[in-house]
Amino acid sequence: MAAQKDLWDAIVIGAGIQGCFTTYHLAKHGKRVLLLEQFFLPHSRGSSHGQSRIIRKAYSEDFYTQMMNECYQIWAQLELEAGTALHRKTELLVLGKENPGLKTMQATLSRQGIEHQYLTSEELKQRFPNLRLTSEEVGLLDKTGGVLYADKALRALQDAIHQFGGTVKDGEKVTEIRPGLPVRVKTTSRSYHAKSLVITAGPWTNQLLQPLGIELPLQTLRINVCYWPEKVPGSYGVSQAFPCFMWLGLAPHSVYGLPAGEYPGLMKVCYHHGNNVDPEERDCPTVSSGNQDVQILCRIVKDHFPDLRPEPAIVERCMYTNTPDKHFVLDRHPKYDNIVIGAGFSGHGFKLAPVVGKILYELSMKLTPSYDLAPFRISRFSGLGKAHL
């Protein structure tokens, strides 16, 4: 048994946004918590780097919209603690033809009492003359939508963790997890013991879980994050009240964008999909991979954004870790109930991290979760029953 002074209440593996918020909640509640990160911070190898993310309450599912209500409160609390702005309200415009997806989203916003506005094709043309739309396309404006400053948020969280007494150790890759009470975690530097373990390792999740007898149906994708030059600087900028947007139905997967801001004169427009990638080889792409996504975007920008040049000026890379249904995994290990897993954030987890971190904190401390976790259980995936443990 580890000596009491060497025993952590919790160890969290992976210092992306989910691991940081989990550690933040644990430290804030007075727990002795250690956050381990394999790379030296800051780094751009995972899913939480970059300057901006969309924040929104517009979802088809009530449970995400309900979670976002509390997320906005926790983001605001972190802003107060950090003494710096971490998000900017721009509104979010969801575009598409009158289809079930758009109608479901509108119904959810109405049911949850979220301020929004339906825009006809004619109203869209008047309000956003620099968007080229078909006569069948309509819009749904989520008035709560905006831009999260991702890099600043991560730094603010790491500072808050230190202030609340948490410990962060970067450049320490986990090499072995030995289940038990306590659980033992071996890294490239040393061994640690804890009452509970939370795994928020993004694309590296299954590498850690396989020796523990479980493999989740996670697909790691490399995403091209593209920035497009404005022909007239500022025409798609925040100063022109241009919103964040999600455009449905232009391609097999949705297209999303944020107003010009982080790179002056460049607008972020991305395809919500990518190519399979080994996280260890993310920076060594095969010759052809990714070109197709960028070509799809070039066509969309040319056809629908007349005031953008249809060639990206900057292409950055990010990773998604997708589940088959695009819902997260927030659950305990089926065999070891002091090992908690947060995974499969499927390219839409950043904004939800304040509540995800709270849920993972609750699971690790054996508290009653604040939300119904049925949509996030491991057991929803067939073929992952006890026979696979």
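Alanine 10 stands opposite valine 33 of strand E2, and that pairing is a handy way into this predicted model. Two strands count as paired here if DSSP finds at least two bridges between them. Helices (H or I, at least four residues) and strands (E, at least two) are DSSP runs, numbered from the N terminus.

A word on ground rules: residues are numbered from 1 along each chain as its sequence is written, and side-chain values use heavy atoms, with hydrogens and water left out. Because this is a predicted model, local features need pLDDT of at least 70 and side-chain atom pairs count only at pLDDT 80 or more, while totals for chains, interfaces and linings use all residues.

**Around strand E2**

- Strand E2 (residues 33–37) has five of its five residues buried, so it's largely enclosed by the rest of the structure. Buried means under 20% relative accessible area, exposed means over 50%, and partly exposed is in between (1.4 Å probe, protein chains only).
- In a regular strand the side chains alternate between the two faces of the sheet. Both faces of E2 are covered, with Val33, Leu35 and Glu37 buried on one side and Leu34 and Leu36 buried on the other.
- E1, helix H1 (residues 17–28) and E2 make up a right-handed β-α-β unit. Right-handed means that, with the strands pointing away from the viewer, the path from the first strand over the helix to the second runs clockwise.
- E2 also pairs with strand E9 (residues 167–170), in the parallel sense and over four bridges. There, leucine 36 has lysine 169 of E9 as its bridge partner.

- Look for an open sheet of three strands in the order E3-E8-E4, paired antiparallel. Its edge strands are E3 (52–55) and E4 (87–89), each pairing on one side only.
- From one strand to the next, the twist averages 25°. Axes are lines fitted to C-alpha atoms, for helices over the stretch in contact, and angles run from 0 to 180 degrees between N-to-C directions.
- Helix H2 (residues 62–82) packs on this sheet and touches E3, E4 and E8, with its direction at about 135° to that of E3. Contact means heavy atoms within 4.5 Å.
- E3 and E8 (residues 146–149) run antiparallel and are joined by four bridges; isoleucine 55 has glycine 146 of E8 as its bridge partner.
- Helix H5 (residues 150–163) lies across E3 and E8, running at about 50° to E8.

**Nonpolar cores**

- The largest nonpolar core has 49 residues, and Phe21, Trp75, Leu78 and Leu352 touch the most other members. A nonpolar core is a set of buried Ala, Val, Leu, Ile, Met, Phe, Trp, Tyr and Cys residues joined through side-chain atoms within 4.5 Å.
- E1, H1, E2, H2, H5 and helix H8 (353–364) each supply at least two residues of this core. H2 gives the most, with eight.
- Leaving aside neighbours within four places in sequence, leucine 352 is in contact with Tyr59, Tyr64, Met67, Met68, Cys71 and Phe328.
- Apart from that core lies another, of 30 residues, among them Leu34, Val174, Ile177 and Met319.

**Salt bridges**

- The whole structure holds 11 salt bridges. Each is a side-chain nitrogen of Lys or Arg within 4 Å of a carboxyl oxygen of Asp or Glu.
- Aspartate 62 and arginine 111 form one of these, with their closest N and O atoms 2.7 Å apart. The pair links distant parts of the chain, 49 residues apart, with aspartate 62 in H2 and arginine 111 in helix H3 (residues 100–111).
- Aspartate 62 counts as partly exposed at 22% relative accessibility, while arginine 111 is exposed at 54%.
- Glutamate 91 forms a salt bridge with lysine 143, the closest N and O atoms being 3.8 Å apart. Both of these residues are buried.

- Isoleucine 223 sits in strand E13 (residues 219–229) and is buried, with a relative accessible area of 0%.
- Leaving aside neighbours within four places in sequence, isoleucine 223 is in contact with Tyr271, His273, Gly274, Glu316, Arg317, Cys318 and Tyr320.
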